[in-house]
Amino acid sequence: MKLTLKSSPHHHNRRDTGQVMRLVIYACIPGIIAQTWYFGFGTLIQVFLAIVTAVVTETIILELRKKNTERVIKDYSAVLAALLLAISIPSFAPWWVIVIGTFFSIAIVKQLYGGLGYNMFNPAMGGYVMLLISFPMQMTSWLPPLSLAEQTHGFIDAVYMVFTGYTSTGFNIEQLRIGVDGVTMATPLDSVKTDLSQGFTLTEAYTNSIFSGIYGQGWAVVSLAYLLGGLMLIKTKVISWHIPGSMILAAVLFSGLFYLVQPDIYASPLFHLMNGSLIIGAFFIATDPVSGATTVKGRVIFGAAIGLWIIIIRVWGGYPDAVAFAVLIMNMAVPLIDYYTQPRTYGHKSS
Amino acid sequence: MYADYDEIIERISVQALWDFPGGVHPPQQKELSNTTPIETLPLPDMFYVPIKQHIGTGGQILVNEGDYVLKGQALSANDLALSVPVHAPTSGTVTNIGEHVSAHPSGIGELTICIKPDGLDKWTDLVPLKDYVNHPKHDLVNAICKAGISGLGGAGFPTHIKAGEHKDIEFLIINGVECEPYISSDDRLMREHAWQIRQGIDILVHLIKPKQVLVAIEDNKPEAIETLSVACQQQTKYQVVSIPTKYPAGGEKQLVQVLTSREIPTDGLPADVGCMMFNVGTCFAISDAIMEGKPLIERIVTLTGDAFDAPKNVWARLGTPISHLLSAGSYSTSKQESPRVIMGGPMMGFTVSSLQTPVVKITNCLLAPADKELPTPEDERACIRCSACAEACPASLLPQQLFWYSKAKEYDIAQEYNLFDCIECGACAYVCPSEIPLVHYYRKAKADIRIQQEEKEKAEKARIRFEARQERLLKEKLEREEKHRKAAEARKQSMNKDGGAAKDKIAAALARAKAKKEALAQQQGDNATVTNTEPQESTQTSGRARVESKAPSDKKDKVAAAIARAKAKKLAKSEAVSEDKKSDNEAVSQESNIVSSDRKKEDSAQGAAENAAVDSTVTTSSDSPEKKANDKKAKVAAAIAKAKAKKLEKAKMNEQDNTQANTQNESND
């Protein structure tokens, strides 16, 4: 009788890479629902376009690289990267924006570096930054929440908008961005940044109709929906608390410090948390294992540094939000962080 | 840094143990096999007893093919430092001693003694040491060694070496943790033989004299905890500790950490942190060896997995081929696409390559899983650096870094990441979402590094040898040159001085020595003549010959006689030559029998040549008239004779020159 020979361990817990990626995708669902609810069906169309582009791009490149395409596609990493990029861009951005961005994410940022596991930078954020720099107009044309918009738009409008630049009834993006008060609406972060630069105080900035209190309407709910998904990921041990925890804590502490000194000019920590993509960045973007730090101590440092960079760029930088920049900056520091944060091995005096 | 004795005792008494980092919780699956009593198996048709079943070296084999052996009879010796003997598992005949598939992942052939049982199962004489407290420690340690006991927990380290240590031990830890899923052999042993385990512990306590004994059992074995607690209740020093179930809590390093918070130094031993650990099975074997005198010839093996229709625990004699055990557990291959049998547990066990693989001292389990139960892993995917492995690692290593560097064969860096602190528990590979066989990579890296080191050492040795040789040759050359230089100088000096006092003295001394020697030679020559005439009595007459022919054999006598004859001949010859020479020299100078001993050989040659020359001249002169047809031959012979004569003449001239010089030197004195 010929016996099978295998190396130990013979036991394996049944959570493979595909499952891990799928769990992250599922955790995005509450946030996507909230985003669709507030900003229209454009988000779903972006997600759809991104996933198709990612799978096609990945397949072609894997074929060129003569890899086991089916097996690699099934790890869902390309789908996840596409999804994260799609939910980061304005919902009614033209179709070619997301297609170019996704192609760049998968082909350049991921596959050119050797594919899953070898990419130094977060693919979604690499694509996002490329788009933001190349197409600043399209990438900053966020719509107001539907409840505040002058024009309503449905699924068909979203499809038309993304593919033609006009809704079925002939409105263009600028018209859609006009709020009920007849003024083009910006994102909460954008609005505050502009107002502050024009010499207004924060209290005055919060009077903008996008705010209710200090929370941007719609935006705060979207953030909370992603927080829910993120907590689910921690609960199911897909991600550890170290990166999101230290990232949020660092952002809160750092912004809190300025807020305590000059609450008129510097926004409160809660404002920073609830607006923009800090939450989604903390739980879904910075936790990308491939481009993040791997040691426990390293993850704390990695997360904290991202939090710090976000506040620095938001407060002093030229862009209203900064998650993508902060993540990419820290991606570069990962090898260094990992090297200097090795844990002490059993039976050794110090690391 | 670490907790002290009192703190540890305090915390154990309130069940506030420490923890080790990482670890995993695979499904236990113990209930498959731990519910029924241990069964005894019928004898197999053939036993295959490998002589090395432990860490160390195999002992020298004490039996030959065809020998009849009794059950418990030692088959190999404990002659070397790290060797423990193996014993016949039953009475029978040794049919073969040779290579047999080994209980090792490679299945590579190993020196094995095959025994055909005679069915009588007759014990050899057993020597128990029931009153062991009255025996010296050395005797007990020796008895444990002679019983062939090595750690039954898995590593197989010779027990007598640990038990014979002279170190201060605070905690004697008895390991009944059995953290690997599926295995229940220690569980059943503790449930059914707690008393013998306790006896074994008593013996170890007598030998090691620890301050405290901790019997550690995972909390998934409440029955075992209960029975051992009862067995140990009279001993205040013994404490049964229930520890949380987490793999690999039963690893030596991890268990020490859980119980004492102490860490065994990376290049140290448990004794360095005041601990010593024995498996419960080892305690049982020690009890058997001391109280009954029985050597280690059987152990409990768990037969488990869904491919066994009747999973259970059995007493299996060492050397039983696993095919015998598989049939005992009603193994069927229907639930396996291709047959797969694992020796050991699902985390650290290895797949056996042959059904003839024997049960050895460390075989605690045979696991035959259904394909659904433990699917064979798919091909590995790319590492996504998720660090699940690092979170699972009980040694706080960075498995993925080790994996990168092992795979890339950057072994130096892998070692910087403490590759050799990996205990190969498999927790990392268990959790890896990309199903990378991490441990396999580490094993390969470790093996490669060991090979590299061995090669390096070999090369280093060769280099040292080569350099030493070069040095020696150079030294010799220099010495030779120095000698030549000195000799040349001496010659020059003597030529310049034309004879010095020192040289004269030497010459005089040489002359005296020569004279003495000749006298001796003459005397011996006389003796030899006697032996020559009476070879049978050579033993009595010749001193030297007597020594040589002390042996009674006829042949030797003859040889001695021949030697004696030869010696006699030689002596006679040399005497004759020296006589000749004497006369020669006398002709030149009255006192010139001064010939250096070095020249003696030359002299005898000269003598021989002289004789030959005389012979040949005689032959030529007498034969030439008769055989004119052989003119050519005669001419050649004549030429040779002439040449010889010339040579002889020349030699003689030299000789004379020398002697003349010598005599001149003497006269100058």
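Trainee: What does the secondary structure of chain B come to, in helices and strands?
Mentor: One thing before I count: this is a predicted model. The secondary structure of chain B comes to 20 helices and 14 strands. Chain B has 669 residues, and 43% of them count as buried. Among contacts in chain B between residues at least 6 apart in sequence, 71% join residues at least 24 apart.

Trainee: How many residues of chain A are in contact with chain B?
Mentor: On the chain A side there are 31, and they are in contact with 49 residues of chain B. The chain A side of that contact divides into ten nonpolar, 16 polar and five charged residues.

Trainee: Which residues of H2(A) are buried?
Mentor: Start with the general idea. An α-helix has 3.6 residues a turn, so residues three or four places apart point the same way. Here, the buried residues of H2(A) include Gln46(A), Ala50(A), Thr53(A), Ala54(A), Thr57(A) and Glu58(A). Also buried in H2(A) are Gly42(A), Thr43(A), Ile45(A), Val47(A) and Leu49(A).

Trainee: What do those buried residues pack against?
Mentor: Their partners in chain A are the helices H1 (17-39), H3 (69-73), H4 (77-86), H5 (95-110) and H8 (155-164). Following H2(A) there is Lys66(A), with a positive phi near 55°.

Trainee: How should I describe a pair of packed helices?
Mentor: Two packed helices are described by the angle between their axes and the distance between the axes. Take H13 (residues 242-261) and H16 (residues 296-316) of chain A: their axes come within 7 Å and cross at roughly 40°. That angle makes H13(A) oblique to H16(A). The crossing in which H13(A) passes H16(A) is right-handed. By class, the contact of H13(A) with H16(A) has 15 nonpolar, six polar and one charged residues.

Trainee: Which residues of H13(A) and H16(A) meet there?
Mentor: On the H13(A) side, they include Met247(A), Ile248(A), Ala251(A) and Phe254(A). On the H16(A) side, Arg299(A), Phe302(A), Gly303(A), Ile306(A) and Ile310(A) are among them.

Trainee: At what angle do the axes of H5 and H6 of chain B cross?
Mentor: H5 (residues 194-208) and H6 (residues 222-231) of chain B cross at roughly 55°, with axes that come within 9 Å. H5(B) is therefore oblique to H6(B). H5(B) passes H6(B) in a right-handed crossing. In this contact, Ala194(B), Trp195(B), Ile197(B) and Arg198(B) of H5(B) meet Thr227(B), Leu228(B), Val230(B) and Ala231(B) of H6(B). By class, that contact has six nonpolar, one polar and one charged residues.

Trainee: What should I look for in the backbone angles?
Mentor: Most residues other than glycine have a negative phi, and most peptide bonds are trans. Let's look at some exceptions. A cis peptide bond joins Ser8(A) and Pro9(A), with omega about -5°, and Pro9(A) is in the segment before H1 of chain A. In chain B, the peptide bond from Tyr247(B) to Pro248(B) is cis, with omega near 0°. Pro248(B) lies in the loop between strand E8 (238-243) and helix H7 (252-260).

Trainee: Where is Ser261(B), and what is its phi?
Mentor: Ser261(B) sits in the loop between H7 and strand E9 (275-279) of chain B. Its phi is positive, about 70°, although Ser261(B) is not a glycine.

Trainee: How many other C-beta atoms are within 10 Å of Ala515(B)?
Mentor: There are 12, so Ala515(B) is exposed. Ala515(B) is in helix H15 (residues 501-533) of chain B. From Gln234(B), Ala515(B) is 281 residues apart in sequence and 94 Å apart in space, C-alpha to C-alpha.

Terms used: Residues are numbered from 1 along each chain as its sequence is written. Chains are lettered from A and ligands numbered from 1 in the order in which they are written. This is a predicted model: local features need pLDDT of at least 70, side-chain atom pairs count only at pLDDT 80 or more; totals for chains, interfaces and linings use all residues. A residue is buried if 20 or more other C-beta atoms lie within 10 Å of its own, exposed if 12 or fewer, and partly exposed in between; C-beta atoms are placed from the backbone. Helices (H or I, at least four residues) and strands (E, at least two) are DSSP runs, numbered from the N terminus. Two residues are in contact if their C-beta atoms, placed from the backbone, lie within 7 Å. Ala, Val, Leu, Ile, Met, Phe, Trp, Tyr, Cys and Pro count as nonpolar, Asp, Glu, Lys and Arg as charged, and the others, Gly among them, as polar. Axes are lines fitted to C-alpha atoms, for helices over the stretch in contact, and angles run from 0 to 180 degrees between N-to-C directions. Angles under 35 degrees count as roughly parallel, over 145 as roughly antiparallel, 65 to 115 as roughly perpendicular and the rest as oblique. A crossing is left-handed if the near helix is turned anticlockwise from the far one by less than a right angle, and right-handed if clockwise.
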